[in-house]
Amino acid sequence: MLVEKKERVIMGIDPGTAIMGYGVILEKGSKIELVNMGIVRMDHLDDHFLKLQRIFEKTIALIDEYQPDVLAIEAPFYGKNIQVMLKLGRAQGIAMAAALSRNISVTEYAPRKIKQSITGKGTASKEQVAAMLQRLLNFKETPEFLDATDGLAVAVCHSFQRINTVGTGKSYSGWDAFVKDNKKRVK
């Protein structure tokens, strides 16, 4: 039988190639509390590969500092400019690779799903999401960049999914773990 941890740390990331937002929460049963949130700036770097390197290094540093049990990340959304989407996908992939290199499981959420879980409305603005998080987690300070609250929203969204579905299944940190637990289902 799967035994649920009483507490877990969830890190949320809003990937970006200019600014990456992150939020860290502590989940205690059905209660959540803010641990930290912030941004990683890369808008001063001209080289896209240097930006990717910084995303990897900063994500590793955050993981090492906060020791999350899981990383939740926002999926890139489809826009008009395919080049921007490709760059965002790379940024997301690098952050995911950093987590996986530390054996942290990763879950991805669509922007609409995140907004829906925080505000009840999938078309909510960044400001509406930030205001709801301030009320939910009892913090007063308004971050300089809404990317920080966007990262926090991803973490809270992930917590809400678990709270609403406790006991319905097991998550896996990779294909090998799934195969190991499901030998009869895999041919």
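## Helices and a sheet in a predicted model

Helix H3 (residues 111-119) and helix H4 (residues 126-137) have axes that come within 9 Å and cross at roughly 40°. Because of that angle, H3 is oblique to H4; angles under 35 degrees count as roughly parallel, over 145 as roughly antiparallel, 65 to 115 as roughly perpendicular and the rest as oblique. Axes here are lines fitted to C-alpha atoms, for helices over the stretch in contact, and angles run from 0 to 180 degrees between N-to-C directions. The contact (heavy atoms within 4.5 Å) is made by Lys 115, Ile 118 and Thr 119 of H3 with Gln 128, Val 129, Met 132 and Leu 133 of H4.

Before going on, some ground rules. This is a predicted model, where local features need pLDDT of at least 70 and side-chain atom pairs count only at pLDDT 80 or more, while totals for chains, interfaces and linings use all residues. Residues are numbered from 1 along each chain as its sequence is written, and side-chain values use heavy atoms, with hydrogens and water left out. Helices (H or I, at least four residues) and strands (E, at least two) are DSSP runs, numbered from the N terminus.

Helix H1 (residues 48-66) also has a partner, helix H2 (residues 82-101). Among the H1 residues in this contact are Leu 52, Phe 56 and Ile 63, and the H2 side includes Arg 90, Ile 94 and Ala 98. Here are the two helix pairs together:

| Pair | Axes | Angle | Handedness | Residues by class |
|---|---|---|---|---|
| H3 and H4 | within 9 Å | roughly 40° | left-handed | 4 nonpolar, 2 polar, 1 charged |
| H1 and H2 | 9 Å apart | about 35° | right-handed | 11 nonpolar, 3 polar, 2 charged |

A crossing is left-handed if the near helix is turned anticlockwise from the far one by less than a right angle, and right-handed if clockwise. Ala, Val, Leu, Ile, Met, Phe, Trp, Tyr, Cys and Pro count as nonpolar, Asp, Glu, Lys and Arg as charged, and the others, Gly among them, as polar.

Now look at the strands. An open sheet of 5 strands runs in the order S3-S2-S1-S4-S5, with mixed pairing (two strands pair if DSSP finds at least two bridges between them). S3 and strand S5 (105-109) are the edge strands, each pairing on one side only. Strand S2 (residues 19-28) and strand S3 (residues 31-41) are antiparallel over 10 bridges, and Ile 25 stands opposite Leu 34 in S3. S2 and S3 form a hairpin with 2 residues between them, and Gly 29 in the turn has a positive phi of about 65°. Strand S1 (residues 7-14) runs parallel to strand S4 (residues 70-74), joined by 4 bridges; Met 11 has Leu 71 in S4 as its bridge partner. H4 packs on the sheet, where it touches S1, S2 and S3.

Finally, pLDDT (the predictor's confidence in each residue, from 0 to 100) has a chain mean of 87. It stays under 50 over residues 164-169. Where pLDDT is low, the predicted coordinates should not be read in detail.
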